[in-house]
Amino acid sequence: MLEISNLSHVYGSGPGAHHAIEGLNLSVAEGELLCIVGPSGAGKSTLLRSIAGLIQPTGGEVRIEGKLVKQTPDNLAVVFQDYSRSLFPWMSVADNVALPLRRKKMDKQQRRAAAQEALESVGLAEAGKKYPFQLSGGMQQRVAIARALAYRPALMLMDEPFGSVDAQTREDLEDLVLQVRGHHKMTIVLITHDIDESVYVGDRVVVLSKAPAHVVGDLKVELASPRDQITTREHSDFVHLRAEVGRLVRGLERTPA
Amino acid sequence: MIRRLAWYWLIPVAALAWEVVTRSAGAVYFPPPSTILARMREMAATEDVAADLVPSLARLAVGWALAAAAGVALGVLLGRSPLLAKLVEPMVHFGRSVPPAALLPVFLVFFKVGTPIQLAAIVYGVLWPVLVNSMDGARHVDTQYLDTAQVFHLPRWRVVLAAAAPKIFAGLRLSVALALIMMVISELYASSEGIGHRMREAEGSVDIPAMWAGIVLLGVLGVVLNGLFLAVERRALRWHRGRTAA
């Protein structure tokens, strides 16, 4: 579904150049939920921006469904970390969700219905008429997820989506992602620096090195579903996996790059 | 509403004080408000006030609208194009630093006395604050709004305009007052009709109450125009007020 081969990206040039990614290879199967973890400053966001077509990588290539990514593909949606800067404050919640649908062959009524359905699926059936600033942080991030869902992408990218909310909300949103992926057939790539989260949410966890980033670990997560915040996290497989991922990430932080 | 009106108690008190002081001083050049009001009523009854008021207001509206549209368009363009901004910005800062009134002699050379020169003066006065504020607003649009627009293939310029709207409106509000100033100044010096021209005539014929009538009328006009603008702004930026208050 998603093929990344020999990807490199350098910011700037000369001696001050920053090599964010170097020789990164990764492939993601259709319908997979892949979590990417790595130390902060590892070039995770650069990777996401390359996949989304927001930047042109300086080397290598990204293909989605076989097609080379040059600009943002039509079948891709992104949920950014900072919901307050990603939802448009000048529009109601329903308009925010419905806005990207204008490009699809849908009339106003269909767009409105699709937005309402997406809001219902994230538990915000009543919030459509409100403005984003009238909602809590967790609710705003739900709106951002609803916007992505309504768009019906084949690939959904999530950039530290739960990094700016409190712990309880975070768990709720993790479960929301697991729940919506059951209803919508899509591939999800979720970037996080939270090791527990990556194991809890993912079908597979990929660990990135420090910058210049490449893949240093690739683990399958075989935990029973549906997952549960209490029982899954106390399961010995979970404990084992998170230790393994943790060791990979930690190990990187100790050895100087 | 009544509570809000109650806060205006100082206005009648000030008017009364003005009346008392000017009467007791008996100053010819500072007539009491009652005399000014009486003169205003007399002018309204005997003269064709609309013949001065309508052209003044029409030039004000047309000049302001032209300059506002041009200022927003140019400002947003400069705000979004670092290359163009680098090239043009020094000139923009020079242009806006020249007091518009100082350019009237220049306009006198280039434009015909009457509507053309007045429009030029109003446009020049209004253009800069709108342009500079729009440029500032467009320049500082959050990059994540633009990323979002790109990801979902939304028209970029609409996102820029909406995000810059609070700044753009700040410039427009300033420009309303400036438009009024430029309207009067240009009429004082280069016109054969309009409120400013009537004031000049009144001064020439030592009709001091009529001169003050013009001043009062301009003050009222300023308050009304600002009120109208605020009403529009409040509607357009409802989201912004709510957000910053929260």
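Author: Two strands pair if DSSP finds at least two bridges between them. Strands (E, at least two residues) and helices (H or I, at least four) are DSSP runs, numbered from the N terminus.

Reader: How many bridges join β6(A) to β7(A)?

Author: Four, and the two strands run parallel. Leu76(A) has Leu155(A) of β7(A) as its bridge partner. This is a predicted model: local features need pLDDT of at least 70, side-chain atom pairs count only at pLDDT 80 or more, and totals for chains, interfaces and linings use all residues. Residues count from 1 along each chain as its sequence is written, chains are lettered from A and ligands numbered from 1 in the order written, and side-chain values use heavy atoms, without hydrogens and water.

Reader: Which strand stands opposite Leu155(A) with Thr187(A)?

Author: Thr187(A) belongs to β8(A). Five bridges pair β7 (residues 155–159) with β8 (residues 187–192) of chain A, again in the parallel sense.

Reader: What is the order of the strands in the open sheet?

Author: Follow β6-β7-β8-β3-β9-β10 in chain A. That makes six strands, with mixed pairing.

Reader: Are Leu76(A), Ala77(A), Val78(A) and Val79(A) buried or exposed?

Author: Buried means under 20% relative accessible area, exposed over 50%, and partly exposed in between (1.4 Å probe, protein chains only). All four are buried. Leu76(A) and Val78(A) point one way from β6(A). Ala77(A) and Val79(A) point the other way.
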